[in-house]
Amino acid sequence: MSRAGQGVVLRGVGKRFGDVVAVQSMNLEVRPGELMVLVGPSGCGKSTLLRLIAGLETPTSGEVWIGGRRVDEVEPGARDVAMVFQSYALYPHMTVARNLGFGLRVRGTPAAELERRVAETAGALGLGDLLERKPGQLSGGQRQRVALGRAMVRDPGVFLFDEPLSNLDAELRLRTRDEIAALHRRLGTTMVFVTHDQVEALSLGQRVAVMDRGRLQQVGTPDEVYRRPRNLFVAGFVGSPPINRIGLSRDGSGALAGGPFALAGPSGPDQATLTVRPEDLAVAGPGGTEGDFRATVLRVEALGSEQRVHLDGPGDAAWVARASPALRVAPGARVSVSIAWDRSHLFGPDGRREEGVARPAGQQVPR
């Protein structure tokens, strides 16, 4: 039912609330028809950025462009966007049908066209049998679908989603996430989706924009952000369980050393942080002797399809390894652990990822 999506371009967009800087000189392009996810911790500025696109906030600096038109001084209703909120924001005294058609009714859409679009939207979202119910008679998932439908029925150039799944339980979150992805494939409309849940971001976004403290940290496909994090913040924020890390310092031999490691790192930094994803650690049973370091098992989480083995190091913090459920280890066992060095990362003292492959001194590790 929708036309092609419109691109969104932010040029040097900033937003201050008094002395508080919520968004700092943001440059971002959302391609026409793309599903872009903004992700970051609470307070990082992602919802403020969405409101700047919608026109619910006015930028302190910079420009907002939608569909090739500058809109930062255009009223929200004239920006050709539709927003879906975390709170649903449905009218409790109206039926589903009247909630769906409210925006069209306000715009003076002819009755026949309004009814057609409401029926079409309700059918697409599985709401056809619920049109005469009121929000209080619906489940959380049904209410969220009505909120989606109220945005859909307007046929906007851009959909904006502000944490729309936060109020749903785990099963409904997964189901509604799949519905939004299917909706995007069917409509081809540009969508900007805000979430603090990095699993949600990686599974839903065609590209992901990671934010922290009002700044854009990295934009890329989910695989790029996960496998080639630009800086230490992205490496630590994206991924569950979190990435393992240890600090290293240049020793007298020129190696970057810390804990059990002596690495032939880049020639530049004298300080660095080594990071390894939990799935890039291989744990051998108590009888194993080969590996990059030995550790004591602190606890084991059995999750059915995998185990998470918590280890006492190296470094000051515990490490976590993902392991097969066939591995038999118990707390207190001494195990050998091997690292997939070609998938590890080194970050310099400025937090930026160093190019090249971390490897033990004297060992050649292919890319």
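**View 1. Valine 84 and phenylalanine 161 at the pairing of strands 6 and 7.** In this predicted model, valine 84 stands opposite phenylalanine 161 of strand 7. Strand 6 (residues 81-84) and strand 7 run in the parallel sense and are paired over four bridges. Strand 7 also pairs with strand 8 (residues 190-195), again in the parallel sense, here over five bridges. Within that pairing, aspartate 162 has valine 194 of strand 8 as its bridge partner.

**View 2. Burial of strand 7.** Strand 7 spans residues 158-162, and five of its five residues are buried, so the strand is largely enclosed by the rest of the structure. In a regular strand, side chains alternate between the two faces of the sheet. Both faces of strand 7 are covered: buried Val158, Leu160 and Asp162 lie on one side, and buried Phe159 and Phe161 on the other.

View 3. Helix 3 (residues 111-124) comprises 14 residues. From first C-alpha to last it reaches 20 Å, close to the 20 Å expected at 1.5 Å a residue. Leu114, Arg117, Val118, Thr121 and Ala122 of helix 3 are buried. Viewed down the helix axis, these buried residues fall within an arc of 130°, so they line one face of helix 3. An α-helix has 3.6 residues a turn, so residues three or four places apart point the same way. Ala112, Glu115 and Gly123 are exposed and sit on the face of helix 3 turned away from its buried side.

**View 4. Surroundings and end of helix 3.** The cover over the buried residues of helix 3 includes helix 2 (96-106) and helix 4 (140-152). Glycine 126 follows helix 3 and has a positive phi, near 70°.

**View 5. The aromatic pair of phenylalanine 261 and phenylalanine 293.** Eight aromatic pairs are found in a search of the whole structure. One of them joins phenylalanine 261 to phenylalanine 293 in an edge-to-face arrangement, with 5.8 Å centre to centre and 90° between the planes. Phenylalanine 261 belongs to strand 13 (residues 261-263) and phenylalanine 293 to strand 16 (residues 293-302), so the pair ties together parts that are 32 residues apart in sequence. Both phenylalanine 261 and phenylalanine 293 are buried. Together with Trp319 and Trp341, Phe261 and Phe293 form one aromatic cluster.

**View 6. Charged side chains over aromatic rings.** Arginine 277 lies over the face of tyrosine 226, at 4.1 Å from the ring centre. Lysine 15 is placed over the face of phenylalanine 17, at 5.1 Å from the ring centre.

Technical notes. Residues are numbered from 1 along each chain as its sequence is written. This is a predicted model: local features need pLDDT of at least 70, side-chain atom pairs count only at pLDDT 80 or more; totals for chains, interfaces and linings use all residues. Side-chain values use heavy atoms; hydrogens and water are left out. Rings of Phe, Tyr and Trp (its six-membered ring) pair if their centres lie within 6.5 Å; planes under 30 degrees apart count as stacked, over 60 as edge-to-face and the rest as tilted. Helices (H or I, at least four residues) and strands (E, at least two) are DSSP runs, numbered from the N terminus. Buried means under 20% relative accessible area, exposed over 50%, partly exposed in between (1.4 Å probe, protein chains only). A charge sits over a ring if NZ of Lys or CZ of Arg is within 6 Å of the ring centre and within 35 degrees of the ring normal. The expected span of a helix is 1.5 Å times one less than its number of residues. The arc is that of the directions from the helix axis to the C-beta atoms. Contact means heavy atoms within 4.5 Å. Two strands pair if DSSP finds at least two bridges between them.
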